[in-house]
Amino acid sequence: ALRERGSALARQRRAAALAAPAASGRGPQSLVRNHGRLPPAPAMSASQFVNRSAQEHLLYIQEKVNPILEALVTAVLLERPDDPAFFMLKWLCEQTKSLDGQDRAGGSPAEEIEALRAELKRLKDQKTELEVLAGSKDEKSDLASPRLDGKSDKSTKADEDEDEDEDEEEDEEDVDQVLPDPSKMNRGPRQSVSAEAYGQWNKKTDFVAPVYEKTANQQARIAKCLEPSFLFSALDPQEMNTVTLAFKERTVEADQLIINQGDDGESMFLIEEGAVDCVIKKDGEERVVKTCGVGDVFGELALLYNCPRAASVKTTAKTTLWELDRETFNRIVKDAAAKKRDIYTDFLKKVPLFGNMEPYEMMTIADALKVECYEKEGETIIQQGDQGDRFFIVLEGECEAKKAFVTGQEPSRVMTHKVGDYFGELALLKNELRAASVLTAAADVKVLYMDRKTFKRLCGPIEDILRREAKRYDSPAAA
């Protein structure tokens with residue numbers, strides 16, 4: 001009994017000895033640390049642990065993440081890509097490659113090759129993941145529209161055909177409602193003509209142009225302003241006189257709207273005095289695309305192409321205008337231009353120089369050609385030594401080229417130009433002075449011509465032919 005009591009007291013003492021260090025934070029682990037000569041770990045509360053983790057995360061973000069994000073956002077804002085996600089992924093890949101290249105700079109060739117292989121494998125894996133992701137999206141889109149309406153394949157196909165027919169009908173109805181692209185309308189007059197359509201619903205009747213009396217000086221000023229336009233260059237003197245008399249005078253105060261964008265075109269205008277701004281309204285904002293002054297023509301495109309007004313026109317000062325109505329424009333100006341195109345195109349087809357041109361190119365040249373008439377024999381068309389600014393084609397009659405080989409010498413005939421022959425191209429091709437004079441060899445000669453700018457723009461396809469055929473001037477034929 002005494003031995004058992006002694007054993008119980010010993011166990012109690014050992015238990016008390018173990019309990020005391022645990023209460024003071026010096027348990028078995030602390031003893032192990034002390035035995036290993038390590039300082040005891042301080043106790044940490046949950047809030048202290050959370051604060052410490054937040055500080056570490058914040059420091060990591062500031063030092064590691066923010067620089068990358070700032071550079072990435074800057075690159076995105078500078079480039080403004082259509083697909084930002086792909087751009088950012090590509091940018092990150094490029095940055096990774098550059099950083100890897102810096103880390104490998106000091107390595108051996110074998111290490112660099114191994115690193116490149118690892119980078120290539122990583123990029124291939126990324127590509128595979130993206131392809132899988134794209135494929136899963138396509139499958140979801142295909143599965144997202146199952147036939148829940150219970151219709152058979154035949155009925156579904158019939159419905160699809162019916163929908164297509166309806167879409168085609170809607171497209172045909174919307175063709176005339178499409179506005180022309182304003183950016184294209186601002187590139188100057190187009191070199192083509194579209195005729196008014198006539199039929200049972202729009203019969204062509206006899207037409208008499210209106211007449212508004214004008215002084216001879218006013219008619220001359222109107223005609224001079226219209227002559228540079230390819231539309232009015234097709235008019236003969238009688239037609240030009242009819243058109244100038246059909247212009248109606250109109251005075252408009254400053255800051256008044258003459259044409260409203262989107263409206264149907266009923267008239268074209270010529271500015272006698274004052275100025276106007278051509279304004280395009282897009283996304284709620286108005287932008288001035290052109291300013292027209294004295295002698296300028298506007299509003300003809302809507303009449304020419306049978307389309308709505310592409311821009312609004314507003315006066316910037318008190319303005320005096322000459323207004324020409326749609327009916328007169330269509331019956332005289334447009335018909336004359338279309339007739340001129342047909343005649344000149346048929347003529348150009350007979351000229352070997354233009355034989356290999358496309359029909360559209362030939363019609364474009366026909367629209368750009370102007371006619372000049374010479375009533376007497378011996379009239380000078382071009383003069384030797386002058387600056388060349390025109391290219392000519394003989395339309396009717398006959399011309400002859402004369403050249404003075406020595407200064408002061410009487411010019412001698414070196415070549416004869418008949419219907420379909422051309423001349424004046426050397427000065428334009430070589431930017432040289434006229435090498436010879438060309439005069440009419442008979443009365444009532446008509447020549448077609450185009451200026452230097454038009455020649456350079458439209459005759460590119462035949463420029464090589466013109467240069468090759470220039471050798472004909474080296475051995476001129478006698479008359």
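Helices in these legends are DSSP runs of at least four residues, numbered from the N terminus. Keep in mind that the model is predicted.

View 1. Start with Arg 326, which lies in helix H11. Is this residue buried or exposed? Arg 326 has a relative accessible area of 18%, and buried means under 20%, so Arg 326 counts as buried. Follow its side chain and you will meet the backbone oxygen of Gly 265, at 2.5 Å.

**View 2. Tyr 305 in its loop.** Here we visit the loop between helix H10 (300–304) and strand S7 (312–315), where Tyr 305 is found. Tyr 305 is buried too, because its relative accessible area is 16%, and the cut-off is under 20%. Gly 265 comes back in this view: its C-alpha atom is 9.8 Å from that of Tyr 305, although 40 residues separate the two along the chain.

**View 3. The largest nonpolar core.** This core has 27 residues, and Phe 329 is one of those with the most contacts inside it, along with Leu 231, Phe 232, Val 243 and Phe 247. Several elements each supply at least two of its residues, including helix H8 (216–226), helix H9 (237–246) and strand S3 (267–273). Which element gives the largest share? That is H11, with five residues.

**View 4. Around Phe 329.** Leaving aside residues up to four places away in sequence, Phe 329 touches several residues, among them Leu 231, Phe 232, Met 268, Leu 303 and Leu 324. Its contacts also include Glu 300 and Lys 334.

Definitions and conventions:
Residues numbered from 1 in each chain as written. Predicted model: local features only at pLDDT ≥ 70, side-chain atom pairs only at ≥ 80, totals over all residues. Heavy atoms only, no water. Buried < 20%, exposed > 50% of the residue type's maximum accessible area, 1.4 Å probe, protein only. Core = buried A, V, L, I, M, F, W, Y, C linked by side-chain atoms within 4.5 Å. Contact = heavy atoms within 4.5 Å. Polar contact = N/O pair within 3.5 Å; in protein donor to acceptor, adjacent residues only side chain to side chain.
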